[in-house]
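Hello,

Here is the model I said I would pass on. My notes follow below it.

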Amino acid sequence: MEILIDNDLSDLHPDNTFIIHLVILCCGLEYCLGSSKSMTFKKLSYIFDNVVKKNQMAFKASNSIVAWDIEGYFRKSLIMAEAGGYIKFLSKAGAVTLQIDDKGRRLITMVEVNKRFESYISLVKRSKYKETDFKSPNIGCDLNEY
């Protein structure tokens, strides 16, 4: 599966848009690793869910992680991204971690050169959480959520 970015794509809401999900996954793995070579499922699912929802508050919290959902689009998009050769699943110390592949990096380059999905990419880049923040996270929620 090869993705080509056409000039008529725009910054759509990603309800049913696999390409946007793929870009979010690849950008998360490219820009949010820190010094690691791979990322845990938990951290990537957090980034994905909050970027899809454009939840800017999720990346402003300094001492807690906003609750997130790993159901729905994340699992399906993750499987399709791996099947398409954009990301890799790795086994590290008995846990599944993820890594971007060269094909995923080429997709990010193509998207950024064509200035597509900029609002999603800029939100991904704002995630400054470390892997250790997800070992036993302090989960917060919006005041009006419940």
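How many aromatic pairs does the count come to? Five, where rings of Phe, Tyr and Trp (its six-membered ring) pair if their centres lie within 6.5 Å. A pair of aromatic rings is described by the distance of the centres and the angle of the planes. Phe41 and Phe74 are edge-to-face, because their ring centres are 5.3 Å apart and their planes stand at 65 degrees (under 30 degrees is stacked, over 60 edge-to-face, the rest tilted). Phe41 sits in helix α2 (residues 41-52) and Phe74 in helix α3 (residues 73-83), 33 residues apart. Helices here are DSSP runs of H or I, at least four residues; strands are runs of E, at least two.

This is a predicted model: local features need pLDDT of at least 70, side-chain atom pairs count only at pLDDT 80 or more, and totals for chains, interfaces and linings use all residues. Residues are numbered from 1 along each chain as its sequence is written, and side-chain values use heavy atoms, without hydrogens and water.

On confidence: pLDDT (the predictor's confidence in each residue, from 0 to 100) averages 80 for the protein, and 79% of the residues score at least 70. Over residues 4-16 pLDDT stays under 50.

Now the contact of α1 with α5. Ile20, Val23, Ile24, Cys27, Gly28 and Tyr31 of α1 meet Tyr120, Ile121, Val124 and Lys125 of α5 (contact means heavy atoms within 4.5 Å).

Best wishes
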